[in-house]
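Hello,

Here is the structure you asked to look through. My notes on what was found follow below it.

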Amino acid sequence: MESDQGQGGVRSVRRALDILSLLTEDQPVVPLKTIVEATGLAKTTVVRLVQTLEQAGLLWSTDAGYTAGPGLWRWAHLAHGSWELPPETVKLLRELADRRGETANVMIRRDIHRVCVAQQESPQPLRHVVRVGDELPLWAGASSKVLIGGASDALLTRIALDSPHGVDHVGRLREWAEEAAERGYAVSQGERDIGLTAVAVPLTTSSGVVVASLSLSGPSARITQESVTEFAQDLMQVAGQIMSQGFDHPLGPRG
């Protein structure tokens, strides 16, 4: 009985999170009908969950539907203080993006995914943009090759199984990580998104542990094979500046 209740509780939490995840910048207000259709849950179940979220201050009822509640602001404020990069680091990222004309990202590893924790967009109309907070797979990409350095065989196997290539991808992941560690940077060209190229370097602690990646990404037509080395050198210089500022962030790899 206790096990069933526990599973039901987890299921309810998952459903509540699914409802909250419907709120986006493009869709800040979600009608009840949309929630029912998107979740596939019975309307009575949705109403019960929405009422609970509203009572907790996580949702706010309007004439047009439900929007983010004031209770989320406290959590957002806490996350902002914990995860926001120092102003001097943000300034370096902005200058890097302006100088190279491409999007600058800082990513961390979270289990078998990488998460964007900071970004400065390219000034160009055609640019590659990943939103802060977005999770991307670790089985491909320049940042991934940097972040999996030193990963255990067990972790690489789980990453490979998450990929379209299956367990056979483990060998390639290991090769990518070793190559990135040897030359100090990694490159990806259309590995996950066709027409996209990225160059990434590690951000490390004073003891040399990789805690994040710093990358530039954009259309392959602009980040050509001939320019990769120049991009990498610029990235390594900026990474050195960031780390010299005392890069302190709750970014350590987990799992």
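The largest nonpolar core of this predicted model has 28 residues, and V106, V199 and L214 have the most contacts inside it. A nonpolar core here is a set of buried Ala, Val, Leu, Ile, Met, Phe, Trp, Tyr and Cys residues joined through side-chain atoms within 4.5 Å. Buried means under 20% relative accessible area, exposed means over 50%, and partly exposed is in between (1.4 Å probe, protein chains only). At least two residues of this core come from each of α5 (87-100), β4 (103-110), β5 (113-120), β8 (196-204), β9 (210-219) and α9 (228-244). Helix α9 gives the most, with seven residues. Helices (H or I, at least four residues) and strands (E, at least two) are DSSP runs, numbered from the N terminus.

Beyond its neighbours within four places in sequence, V106 is in contact (heavy atoms within 4.5 Å) with residues including L85, L93, V115, L203 and L214. Another core, of 19 residues, lies apart from the one above; I112, V130, L147 and L173 are among its residues. In soluble globular proteins, nonpolar side chains tend to be buried together.

On numbering and method: residues are counted from 1 along each chain as its sequence is written. Local features need pLDDT of at least 70, side-chain atom pairs count only at pLDDT 80 or more, totals for chains, interfaces and linings use all residues, and side-chain values use heavy atoms, with hydrogens and water left out.

Next, a helix pair. Helix α2 (residues 32-39) and helix α3 (residues 43-55) pack at an angle of about 115°, with their axes 10 Å apart. Axes are lines fitted to C-alpha atoms, for helices over the stretch in contact, and angles run from 0 to 180 degrees between N-to-C directions. From α2, L32, I35, V36 and T39 meet K43, V46, V47 and V50 of α3.

D111 is found in the loop between β4 and β5, and its phi is near 60°, a positive value in a residue other than glycine. D111 counts as partly exposed because its relative accessibility is 30%.

Last, confidence. pLDDT is the predictor's confidence in each residue, from 0 to 100. The protein chain has a mean pLDDT of 88, and 90% of its residues reach 70 or more. Over residues 1-5, pLDDT stays under 50, and the model has zero contacts beyond four places in sequence for them.

Regards
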